[in-house]
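This briefing goes through the fold, the nonpolar cores and the aromatic pairs of the structure shown below. Please keep the coordinates open while reading, so that each item can be checked in place.

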Amino acid sequence: MFFHFDPSLLVILIVFGFLAAFIDSVVGGGGLIALPALLFTGLTPAAAVATNKLAGTIGSLTSTIMFYRSGKLDLKSVYKLFPLTFIGSMIGAWTVHLMNPELLKPLMLVMLAAVAIYTIFKKDWGSISSVKKLSFQHMALFIFAIFTIGFYDGFLGPGTGSFLMFAFLMIGFDFLKAAGNAKFLNFGSNIAALIMFMYLGQVHYAYGIPMGIAQIAGSIVGSRFAIKRGSGYVRALFITVTFLLLAKNTYDYFH
């Protein structure tokens, strides 16, 4: 389904796909850039979201590989969490057809605001890695949070990268390793939602594949830039993107 392609839109998809992946490869939020571009092509909102999942899955896989090769992805610590975001996202993508996703938006806005404010006032937070063994209660809470974020990504989506990073920062990872771990789990939630959207026939492949190819380049450049600049750069980008997500989604909610 959805193989018709307007060649005049190719440049728009490539440019915006690259820019979206550059940001998304580090702290998430690429949908701020990619979704308006896909809506500009004339896709319905549902098809735009589904197609963005195709491009985003390609981009998140690329950035995951880049972080892993650089040693900034602690695969041994997070591979067991992959099914949580995968299953959660698939359930979320299915649930979105049963109830209105607008119901979650007020909660999402409050959470984004809390993440941004907490990160600003904890100035040295995430500058060094200080991961400690979690108690059973804290581990159970962390696992529940990861599953819930996965569900949220399939159901609504904006801010998923920020929420995943915040979860890893809360248990002691530095910003750079939190970014790498978050991208791995974000790949899980992306591909799960993509499978569901493909099953539902919502993906426009002729737009999603070129944008996805552009996201490969954007993810490589963005990941390398973040790894080279370090946790300080990632922290600043994290705060900036979180506030942009908050502003954009607050505007959408009230208008």
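The secondary structure of this predicted model comes to 11 helices and 0 strands, and the chain accordingly reads α-α-α-α-α-α-α-α-α-α-α along the sequence. With a radius of gyration of 17 Å, close to the 18 Å that the globule rule gives for 255 residues, the chain is as compact as a globular protein of that length.

**Overall dimensions and packing**

- The C-alpha trace of the chain spans about 50 × 40 × 35 Å along its principal axes.
- Buried residues account for 51% of the 255 residues in the chain, and the accessible surface comes to about 12,000 Å², of which carbon and sulfur atoms hold 72%.
- When contacts between residues at least 6 apart in sequence are considered, 85% of them join residues at least 24 apart.

**Nonpolar cores**

- In soluble globular proteins, nonpolar side chains tend to be buried together.
- The largest nonpolar core here has 45 residues, and the members that touch the most other members are V27, M165, F168 and V234.
- At least two residues of this core come from each of α1 (10-27), α6 (105-121), α7 (136-155), α8 (160-170), α9 and α11 (231-254).
- Leaving aside residues up to four places away in sequence, V27 touches G161, S162 and M165, as well as V234, L237, F238 and V241.

**Aromatic pairs**

- A pair of aromatic rings is described by the distance of the centres and the angle of the planes.
- A search of the whole structure finds 12 aromatic pairs.
- The rings of F82 and F184 have centres 5.2 Å apart and planes at 40°, and the pair is therefore tilted, since its angle falls between the 30 and 60 degree limits.
- This pair links distant parts of the chain, with F82 in helix α5 (residues 82-95) and F184 in helix α9 (residues 175-199), 102 residues apart.
- F184 has a relative accessible area of 13%, so this residue is buried.
- The rings of F225 and Y233 have centres 5.1 Å apart, and their planes stand at 85°, so this pair is edge-to-face.
- F225 is partly exposed, with a relative accessible area of 32%, whereas Y233 is buried, with a value of 16%.
- Ring pairs also link F82 and F184 with F86 and F187 into a cluster.

Notes
Residues numbered from 1 in each chain as written. Predicted model: local features only at pLDDT ≥ 70, side-chain atom pairs only at ≥ 80, totals over all residues. Heavy atoms only, no water. Phe/Tyr/Trp six-rings, centres within 6.5 Å; stacked < 30°, edge-to-face > 60°. Helix = DSSP H or I, 4+ residues; strand = E, 2+ residues; numbered from the N terminus. Buried < 20%, exposed > 50% of the residue type's maximum accessible area, 1.4 Å probe, protein only. Core = buried A, V, L, I, M, F, W, Y, C linked by side-chain atoms within 4.5 Å. Contact = heavy atoms within 4.5 Å. Rg over C-alpha atoms; globule rule 2.2 N^0.38 Å. Areas by Shrake-Rupley, 256 points an atom, 1.4 Å probe, with all protein chains shown as cover.
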